[in-house]
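Please read it alongside the sequence.

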Amino acid sequence: MSDAPSYGFDTLQIHAGARPDPATGARQTPIYQTTAYVFRDAEHAAALFNLQEVGFIYSRLTNPTVAVLQERIATLEGGVGAVCCSSGHAAQIMALFPLMGPGKNVVASTRLYGGTVTQFSQTIKRFGWSAKFVDFDDLDAVRDAIDDDTRAVFGEAIANPGGYITDLRAIADIADAAGLPLIVDNTSATPYLCRPIEHGATLVVHSTTKYLTGNGTVTGGCIVDSGKFDWSASDKFSSLSQPEPAYHGLKFHETFGPLAFTFHGIAVGLRDLGMTMNPQAAHYTLMGIETLSLRMERHVENAVKIAKWLEADPRVDYVTYAGLESSPYHHRVAQVCPKGAGALFTFAVKGGYDACVKLVDALEIFSHVANLGDTRSLIIHSASTTHRQLTPEQQEAAGAAPNVVRLSIGIENAEDLIADLDQALAKATA
Ligand SMILES: *Cc1c(COP(=O)(O)O)cnc(C)c1O
């Protein structure tokens, strides 16, 4: 089918990017389990290497199964192109890579996935990059943090672990005024609940490991390009606007226009960083995406029921779910993610750290894992696990204080999940 934007989300999540296999007519997208592709002749090979013709060379760069997934996610997000890679963390590095350089910084929200805080505060320093963390609810602080060496602004649409909702439009306007791209991690929201490009995001990154695949089988990541950023408006993004020495002097923006970032991501990013998604992973994620909207509806429905039940329970101090009227982020739901505030939130247990640890051990349906966005309900005590490397101040700022557990609500029967939480809370607070 042609991927006409007039099709609805439920249609596109099944069909976008896919067509019957031209060789066999296979209706489902085959897993092209191959490393290399035979060139038609020497001229064809040269044209591919010169990027004069788009095609398949070697699976570190492109693979037909992965290509379908790229087109599928780009379509669902309303972008012009996408690059898939080996994990969500790889996607973040791949998104920053063409923009940054030694001495350059990214202005990032304090409310991020714990692993991202570590990646940005520690590991990227080895590239000479740095991150400035600011509270994205304080717009003046965001504005003030941007300096001449800033090359991107980075936040999550529905922020991990508390389910806080970012005012994407306000942040996008600040980035725009500074001539900078806004990168939004849309993992927790998915394009079903939120489409950051419509709120002004330049790039959208995903951990496809989570809701897009949906059942905890494979890791993967994706960078979607809105195609809307003018990389040549300043001299800040020379890798895209100037002759790129890593690709025999090619000017990506001049040559590929709105697809500059996507082509750079494949021709330089995947080629030289090698964080490639394998076709098996792409297959599992394609299977997952076919049911994304149905799962997200149930995830949200269950999350609302459970958050309300927890909020009314005397053994619970507070619940952070933005879908609750008591949440300071509730007013942003209608604007940012009108179909629901996701299914990820935290709650504070009376009894603090010890009660949290007992709760996690007493649950029977909820699995204690460092993952989210699974059909199964999951729980984690962030302070003793994913946010363990953070200082107490960083834990608090990230919404992962010691008395707090994070839930990723699955698509089981809500009453069973509530009964499980009820019996485990009884044991934890006895
Ligand atoms: C899991 C996650 C990541 C990292 O993704 P991986 O696939 O585990 O590398 C990044 N951001 C968010 C919001 C996540 O949930």
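The model is predicted, so local features need pLDDT of at least 70 and side-chain atom pairs count only at pLDDT 80 or more, whereas totals for chains, interfaces and linings use all residues. Residues are numbered from 1 along each chain as its sequence is written, and side-chain values use heavy atoms, with hydrogens and water left out.

**Second largest pocket**
- A pocket is an open set of points on a 1 Å grid over the protein atoms alone, where a 1.4 Å probe fits, with protein on both sides within 12 Å along at least five of seven lines; lining residues have an atom within 4 Å of a point.
- The lining comprises 17 residues, and Gly 88, His 89, Tyr 113, Ser 207 and Lys 210 lie nearest the centre.
- Helix H4 (88-96) and E8 each supply at least two lining residues; helices (H or I, at least four residues) and strands (E, at least two) are DSSP runs numbered from the N terminus.
- By class, this lining has three nonpolar, eleven polar and three charged residues. Ala, Val, Leu, Ile, Met, Phe, Trp, Tyr, Cys and Pro count as nonpolar, Asp, Glu, Lys and Arg as charged, and the others, Gly among them, as polar.

**Ligand**
- The ligand is surrounded by 15 residues (a heavy atom within 4 Å), of which Gly 88, Asp 185, Ser 207, Thr 209 and Lys 210 are the closest.
- Polar contacts are pairs of N or O atoms within 3.5 Å.
- A ligand oxygen atom is 2.8 Å from an N or O atom in the side chain of Ser 207, and a ligand oxygen atom is 2.9 Å from a polar backbone atom of His 89.
- For the side chain of Ser 87, the distance from an N or O atom to an oxygen atom of the ligand is 3.5 Å.

**Strand E7**
- In E7 (residues 182-185), Leu 182 and Val 184 point one way, Ile 183 and Asp 185 the other, and all are buried, that is, under 20% relative accessible area (1.4 Å probe, protein chains only).
- Strand E4 (residues 150-156) pairs with E7 in the parallel sense over four bridges, pairing requiring at least two DSSP bridges; Glu 156 stands opposite Asp 185.
- E7 and strand E8 (residues 203-207) run parallel, joined by three bridges, with Val 184 opposite Val 204.

**Largest pocket**
- About 950 Å³ of space lies in the largest pocket.
- H3 (64-77) gives the most to its lining, with six residues.

Definitions and conventions:
Buried < 20%, exposed > 50% of the residue type's maximum accessible area, 1.4 Å probe, protein only. Points joined across faces, edges and corners; volume = space filled by probe spheres on them. Polar contact = N/O pair within 3.5 Å; in protein donor to acceptor, adjacent residues only side chain to side chain.
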